[in-house]
Amino acid sequence: PGPVELLEMFEVMAEIEAVCARLAAARITDAALARLGHISVECEAAVEAQDSDAYYRANERFHALIYSQSGNGFLEQEALRLQRRLMPWRRTQLRVRGRMRQSMQEYAAVVAALTEGDGERAAQVLRQRVWILHRVELDHALGLGDVIGLGRQDLRSDQLCGAARHGSALVETRLGRAGVRVEPLAARQPR
């Protein structure tokens, strides 16, 4: 996908994960909470070993367990489908210095919210986590860095996505300087 579609996919993923987390907070079993704890230990070991591949495999299980604990099979399947589609971008962001450690802090907040049955907090943390993922990934994988300010607060992801969706001249100019062509949605061919 191009940058606009990638932004849209991450936007949808953020909301799907938030819904899964909100539902899971009310439905998660004690056994599933224990499995999340075991997966978190695996993630921590991968962080210590600086093994981003092992971390990613554990990360996939962490998210899949939250999807399944939403108690909504359709939602779970859609989340898994989009997770697979975004895999190349989600995976490479773990190689960014400090990202695995930051991810562990986010996991701890998610597990705490699920344990407390706080669906809104669990949803908020996962939604923000996905926005962080796509900001980091676009910054590094697309090489846009300082051009669009994804690593800073001067251009939020939701602003970029909304502006890109409408073919904003600002986004086109900034992405164009980075060598990325952005087509307004109206100009794209139907899928």
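Buried here means under 20% relative accessible area, exposed means over 50%, and partly exposed is in between, with a 1.4 Å probe and protein chains only. The model is predicted, so local features need pLDDT of at least 70 and side-chain atom pairs count only at pLDDT 80 or more, while totals for chains, interfaces and linings use all residues. Residues are numbered from 1 along each chain as its sequence is written, and side-chain values use heavy atoms, with hydrogens and water left out.

Start with the salt bridges, each a side-chain nitrogen of Lys or Arg within 4 Å of a carboxyl oxygen of Asp or Glu. The structure has seven of them. One joins E44 to R101, with the closest N and O atoms 2.8 Å apart. This pair links distant parts of the chain, since E44 is in helix α2 and R101 in helix α5, 57 residues apart. Helices are DSSP runs (H or I, at least four residues), numbered from the N terminus. E44 is partly exposed at 26% relative accessible area, and R101 is partly exposed at 34%. Through shared partners, salt bridges join E44, E48 and R101 into one network.

A second bridge pairs R61 with E42, at 2.0 Å from N to O. R61 lies in helix α3 and E42 in helix α2, so this bridge ties together parts 19 residues apart in sequence. E5 is buried, with a relative accessible area of 17%, whereas R85 is partly exposed at 41%.

Now turn to the interior. A nonpolar core is a set of buried Ala, Val, Leu, Ile, Met, Phe, Trp, Tyr and Cys residues joined through side-chain atoms within 4.5 Å. The largest such core has 43 residues, and those touching the most other members are M13, L36, Y55, F62, I66, L86 and L114. Helix α1 gives the largest share, 11 residues.

Aromatic rings of Phe, Tyr and Trp (its six-membered ring) pair if their centres lie within 6.5 Å; planes under 30 degrees apart count as stacked, over 60 as edge-to-face and the rest as tilted. There are two aromatic pairs. The rings of Y55 and Y107 are stacked, because their centres are 6.1 Å apart and their planes are at 10°. Y55 and Y107 are both buried, and together with F62 they form one aromatic cluster.

Technical notes: Helices (H or I, at least four residues) and strands (E, at least two) are DSSP runs, numbered from the N terminus.
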